[in-house]
Amino acid sequence: VAGRVALIAGASGGIGSSAARLLASKGYTCVLAGRDEAKLAEVAAGAGGDARVEVVPLTDGRAVIASAARIVRDVGVPDAIVNCAGAGTWKRVDETPPEEAVSMMAAPYFAAFNVTHAFLPSMLQRRRGVFVHIGSPASRFRFPASAGYSAARSALRSLNESLQADLRGTGVKSVHLVLGKVETEYFHNNPGVIEHIPAIARIIPTLAPDQAARCVLHAIERPSREQVHPVLLRLFWWCYGLTPWLVDALLGRG
Ligand SMILES: NC(=O)c1ccc[n+]([C@@H]2O[C@H](COP(=O)([O-])OP(=O)(O)OC[C@H]3O[C@@H](n4cnc5c(N)ncnc54)[C@H](OP(=O)(O)O)[C@@H]3O)[C@@H](O)[C@H]2O)c1
């Protein structure tokens with residue numbers, strides 16, 4: 001993949017930083033985008049190679065457009081874009097202040113929308129490239145007490161569905177990559193999540209960040225509409241298509 005460019009949006013920690021390290025080790029020129037310059041620089045130094053940092057508020061669409069123009073000019077059109085910026089805790093609607101609901105939509109949903117919007121024209125022109133959107137089981141299952149979190153992940157899943165329709169025949173691909181629990185700082189950064197994960201979900205093995213990064217690499221190399229990891233979660237995912245009431249009942253008792 002020498003000469004290929006990967007842009008990781010939300011690369012300062014968690015799944016994004018692991019994906020950046022793996023992609024750099026595979027020969028990608030990585031652009032690590034996000035808002036925290038110091039953390040991004042640390043990840044870039046650890047990734048080695050020619051990883052570069054792009055400090056940009058991903059939730060500001062106009063700033064992302066300007067940043068994309070710079071990246072395309074200085075580094076090239078990305079071959080792969082990984083949307084993994086995201087935050088948000090788990091609460092019921094009545095417990096969620098309206099401004100917190102807005103910030104939960106800001107990342108992952110608006111961050112992913114902005115990045116996709118900004119780079120799509122140049123990727124379409126080149127008729128090549130893959131978007132990978134890091135999604136959650138909450139984009140499909142109805143978890144109790146996860147209103148803002150689930151809405152943002154469902155919006156991300158819908159974005160991917162729309163892209164499926166729009167990108168047919170263009171050479172550009174889009175993947176909704178659904179991961180079960182990944183052992184990152186997410187649960188420290190977003191207090192209150194771990195306590196709300198239904199008990200039944202705990203039987204699904206937790207992924208290490210390196211495993212999540214390998215799932216990202218697989219999605220880039222073999223893009224398909226939706227990919228779900230690990231296997232046991234995939235089983236629940238399929239079951240939901242056949243017997244949603246059963247999965248809902250199991251999750252509702254968490
Ligand atoms: N960990 C899991 O179990 C898991 C499983 C499935 C899906 N996911 C989803 O994957 C995404 C990333 O999770 P993670 O585990 O990597 O989390 P993490 O370790 O907390 O990292 C979150 C990343 O998103 C960035 N970010 C958060 N809010 C942002 C905002 N408003 N604007 C710009 N950047 C922002 C952070 O940047 P800063 O350093 O600047 O804050 C950081 O780079 C989330 O949407 C999460 O729901 C996670």
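Leaving aside its neighbours within four places in sequence, with which residues is Asp 79 in contact?

## Asp 79 and its surroundings

In this predicted model, Asp 79 is in contact with Gly 3, Arg 4, Val 5, Arg 126, Arg 128, Gly 129 and Val 130, its neighbours within four places in sequence being left aside. Asp 79 is placed in the loop between helix H3 (61-74) and S4.

The relative accessible area of Asp 79 is 7%, and because buried means under 20%, the residue is classed as buried. Among the contacts of Asp 79 is Arg 126, and the side chains of these two residues are joined by a polar contact of 3.1 Å.

Strand S4 comprises residues 80-83. Ala 80 and Val 82 point one way from the strand, Ile 81 and Asn 83 point the other way, and all are buried. In a regular strand, side chains alternate between the two faces of the sheet.

## Ser 174 in strand S6

His 133 also makes a side-chain polar contact with Ser 174, at 3.0 Å. Ser 174 belongs to strand S6 (residues 172-179). Its relative accessibility is 5%, so Ser 174 counts as buried.

With neighbours within four places in sequence left aside, the contacts of Ser 174 are Phe 131, His 133, Asn 160, Leu 163, Gln 164, Leu 167, Ser 224 and Arg 225.

## The ligand shell

The ligand is surrounded by 26 residues, of which the closest are Ser 12, Arg 35, Lys 39, Val 182 and Thr 184. By class, this shell holds 11 nonpolar, nine polar and six charged residues.

A polar side-chain atom of Ser 12 lies 2.6 Å from a ligand oxygen, a polar backbone atom of Ile 15 is 2.8 Å from a ligand oxygen, and a side-chain N or O atom of Tyr 149 is 2.9 Å from a ligand oxygen. The ligand taken alone exposes 890 Å², and the protein buries 91% of that area. Two or more residues of the shell come from each of helix H1 (14-25), strand S5 (129-135), helix H5 (147-167) and helix H6 (186-189). H6 gives the largest share, three residues.

## Backbone features

Two cis peptide bonds may be noted. One joins Ala 107 and Pro 108, with omega about 25°; Pro 108 lies within helix H4 (residues 98-126). Another joins His 229 and Pro 230, with omega about -5°, and Pro 230 is in the loop between strand S7 (226-229) and helix H9 (231-242).

Positive phi values occur in residues other than glycine. Arg 127, in the loop between H4 and S5, has phi of about 60°. The relative accessible area of Arg 127 is 51%; because exposed means over 50%, Arg 127 is classed as exposed. Ala 145 has phi near 55° and is located in the loop between S5 and H5.

Key
Residues are numbered from 1 along each chain as its sequence is written. This is a predicted model: local features need pLDDT of at least 70, side-chain atom pairs count only at pLDDT 80 or more; totals for chains, interfaces and linings use all residues. Side-chain values use heavy atoms; hydrogens and water are left out. A residue is near a molecule or strand if one of its heavy atoms lies within 4 Å of it. A polar contact is a pair of N or O atoms within 3.5 Å; within protein, one must be able to donate a hydrogen and the other to accept it, and residues adjacent in sequence count only if both atoms are side-chain atoms. Accessible areas come from the Shrake-Rupley method with a 1.4 Å probe; for residues, only the protein chains shown count as cover. Helices (H or I, at least four residues) and strands (E, at least two) are DSSP runs, numbered from the N terminus. Ala, Val, Leu, Ile, Met, Phe, Trp, Tyr, Cys and Pro count as nonpolar, Asp, Glu, Lys and Arg as charged, and the others, Gly among them, as polar. Buried means under 20% relative accessible area, exposed over 50%, partly exposed in between (1.4 Å probe, protein chains only). Contact means heavy atoms within 4.5 Å.
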